[in-house]
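Here are my notes on the model, point by point. Please read them with the structure open.

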Amino acid sequence: MILENQQQVTPAVLEVMQKTPDPRLREIMTSLVRHLHGFVRDVHLTEKEFRTATSIINEIGQMSSARHNEAVLMAGSLGVSTLVCLLNNGDGGNTETDQSLLGPFWRLNSPRVENGGCIVRSDTPGPPLFVSGRVLDRDGRSVAGAEVDVWHASPVGLYENQDPEQADMNLRGKFLTDADGRFSFRSVMFVGYPIPTDGVVGRLLKAQSRHPYRPAHLHALIFKPGFKTLISQVYDPADPNIESDAQFGVTRALIGKFVQHEEPHPSARDVATPWYSLDHTYRLEAGEAVLPRPPIK
Ligand SMILES: [Fe+2]
């Protein structure tokens, strides 16, 4: 088609999209072109801004590697990751869900730990934390024999793979739920941390006067055949950034019942005060038990 004016561009591109044999690809590309062209018209994108936009997209790719994923960071910073998560869980976005973002720090093959065991593998100063969890199905029945893989940052806000002071797999462990769907472990209380700000995302946050912090959270990946793999994060409501997560991951369903205790621990004598506890129930939905690709090794 030979174009006469700018109004003819969008229909010309949409007509080409109609030839796509795969119906889902056709639907996605048609909508993408419609919204992309609408956006360009809406902001009246200048030629200079267009060149900047393409170089930013290139830079996102160039920054990404086996240890860093700038595209996922950008998707989170724009709220797209959470929108996709909430649209595809909780009965298609109609009910509460315990699903959340995987984040960039999940590792395969974290060590098996017995219930009640400790996941602190090297000297990690911080207040003791006792976590007890329960895994239920949507009807409230206990899910026994589910694998619960947990990981969290340290009391200074670093995952073990970011911190040479911590032993390999520190603050990571994999549990098996008992007949009542319960699991439990001991660790140390963690804090929130900033997302990486040395790239495109960092520049965006700065330009928008946004801080880079995520509120303190406990990650879990719960796997049992017959259920959709649950990827969850439970947040500490006492965190100063609970209302302003840089990745928009905090939902009402994921606010944890963290309790700070000033009284002596009832059974563990070596525990100084204050110590913390967290009791959380995770609900699995029916679906396919597939593991995601680990974002890092
Ligand atoms: Fe995290």
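1. Start with Ser154. This is a predicted model, and in it serine 154 is buried, with a relative accessible area of 2%. That value counts as buried because the cut-off is under 20%.

2. Where does serine 154 sit? Serine 154 is in the loop between E3 and strand E4 (172–176). Beyond its neighbours within four places in sequence, serine 154 is in contact with Thr124, Gln166, Leu171, Phe190 and Val191.

3. The largest nonpolar core has 26 residues. Val150, Phe175, Phe185, Leu218, Ile222 and Tyr282 have the most contacts inside this core. Two or more residues each come from strands E2 (128–136), E3 (147–152), E5 (182–188), E8 (217–223), E9 (230–235) and E11 (275–283). Another core, of ten residues, lies apart from the largest one. Among its members are Leu102, Phe105, Ala153 and Tyr193.

4. Which residues does leucine 218 contact, leaving aside neighbours within four places in sequence? The list is Val131, Val150, Trp151, His152, Phe185, Phe190, Ser232, Gln233, Val234, Leu278 and Tyr282.

5. Last, the surface. Leu32, Leu36, Phe39, Val40 and Val43 make a nonpolar surface patch of about 410 Å². Phenylalanine 39 belongs to helix H2 (residues 23–43). Is phenylalanine 39 buried, exposed or partly exposed? Phenylalanine 39 is partly exposed, with a relative accessible area of 43%.

Notes. Residues numbered from 1 in each chain as written. Predicted model: local features only at pLDDT ≥ 70, side-chain atom pairs only at ≥ 80, totals over all residues. Heavy atoms only, no water. Patch = residues over 30% accessible without salt bridge, like charges linked within 9 Å, V, L, I, M, F, W, Y side chains within 5 Å. Areas by Shrake-Rupley, 256 points an atom, 1.4 Å probe, with all protein chains shown as cover. Salt bridge = Lys/Arg side-chain N within 4 Å of Asp/Glu carboxyl O. Helix = DSSP H or I, 4+ residues; strand = E, 2+ residues; numbered from the N terminus. Buried < 20%, exposed > 50% of the residue type's maximum accessible area, 1.4 Å probe, protein only. Core = buried A, V, L, I, M, F, W, Y, C linked by side-chain atoms within 4.5 Å. Contact = heavy atoms within 4.5 Å.
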